[in-house]
Amino acid sequence: MAKKKATTKKAAKAALAPHADGAPAIDIGINAKERARIADGLSHFLADSYTLYLKTHNFHWNVTGSMFNALHTMFETQYTEEWTALDEIAERIRALGFNAPGSYSEFARLTTIKEEPGLTNTADWRQMVGQLVSGNEAVCRTAREVLEIADDADDAPTEDLLTQRLQTHEKYAWMLRSLLQ
Ligand SMILES: [Fe+2]
């Protein structure tokens, strides 16, 4: 029984520090358990950010109506910036010693943003803008949750990254919301 417990403990430790045999252990001043918690939170944040990015790009392609030119351009500005940020988030997960999720099935499982596949067939531009307001707000809520975890671990680079993302997505939410007022 004791032997089994030791094996389980070893397996758990290996799962928290997945580096190749012979690679140096990570020692950046944040313990493995806290790094794992932050990386897990950032994986959810990456999934939300990716889903919002894709939805914004989708609406750039499919928007119609009298607001076409303004929205086509506005959505492009936002998705281009969001695309660049995805890389920063994923690479922060790598720097903490974990793999970043990078497949549609993982993003679908981890995100809090709902896809509405039928929307593009009938969408009014107001519905698209409304969905992007909700999406940006969802990204903000997840960022705040992960920010708290990073704060507990004194992980300043993650806090800095999330603070910047919050500033951007709160601004996008305001700009989009203003279109509907
Ligand atoms: Fe385009």
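**Helix α6 and its neighbours**

Modeller: Happy to! Let's begin with helix α2 (residues 32–62) and helix α6 (residues 125–152), whose axes come within 9 Å and cross at roughly 165°. Please keep in mind that this is a predicted model. Angles over 145 degrees count as roughly antiparallel, and α2 and α6 are therefore roughly antiparallel to each other. Their crossing is left-handed, and the residues of this contact divide into 13 nonpolar, eight polar and four charged.

Now turn to the other partner, α7. Here α6 and α7 pack at an angle of about 160°, with their axes 8 Å apart, so these two helices are also roughly antiparallel to each other. α6 passes α7 in a left-handed crossing. On the α6 side, the residues that meet α7 include Val 129, Leu 132, Val 139, Ala 143 and Leu 147. On the α7 side, those that meet α6 include Leu 162, Arg 165, Leu 166, His 169 and Leu 176. By class, the contact of α6 with α7 has 15 nonpolar, three polar and six charged residues.

Arg 165 has 22 other C-beta atoms within 10 Å, so it is buried; the cut-off for that is 20 or more. Leaving aside neighbours within four places in sequence, Arg 165 is in contact with Ala 85 and Ala 143. Ala 143 belongs to α6. Ala 85 is 80 residues from Arg 165 along the chain, while their C-alpha atoms are separated by 8.0 Å.

Technical notes
Residues are numbered from 1 along each chain as its sequence is written. This is a predicted model: local features need pLDDT of at least 70, side-chain atom pairs count only at pLDDT 80 or more; totals for chains, interfaces and linings use all residues. Axes are lines fitted to C-alpha atoms, for helices over the stretch in contact, and angles run from 0 to 180 degrees between N-to-C directions. Helices (H or I, at least four residues) and strands (E, at least two) are DSSP runs, numbered from the N terminus. Angles under 35 degrees count as roughly parallel, over 145 as roughly antiparallel, 65 to 115 as roughly perpendicular and the rest as oblique. A crossing is left-handed if the near helix is turned anticlockwise from the far one by less than a right angle, and right-handed if clockwise. Ala, Val, Leu, Ile, Met, Phe, Trp, Tyr, Cys and Pro count as nonpolar, Asp, Glu, Lys and Arg as charged, and the others, Gly among them, as polar. A residue is buried if 20 or more other C-beta atoms lie within 10 Å of its own, exposed if 12 or fewer, and partly exposed in between; C-beta atoms are placed from the backbone. Two residues are in contact if their C-beta atoms, placed from the backbone, lie within 7 Å.
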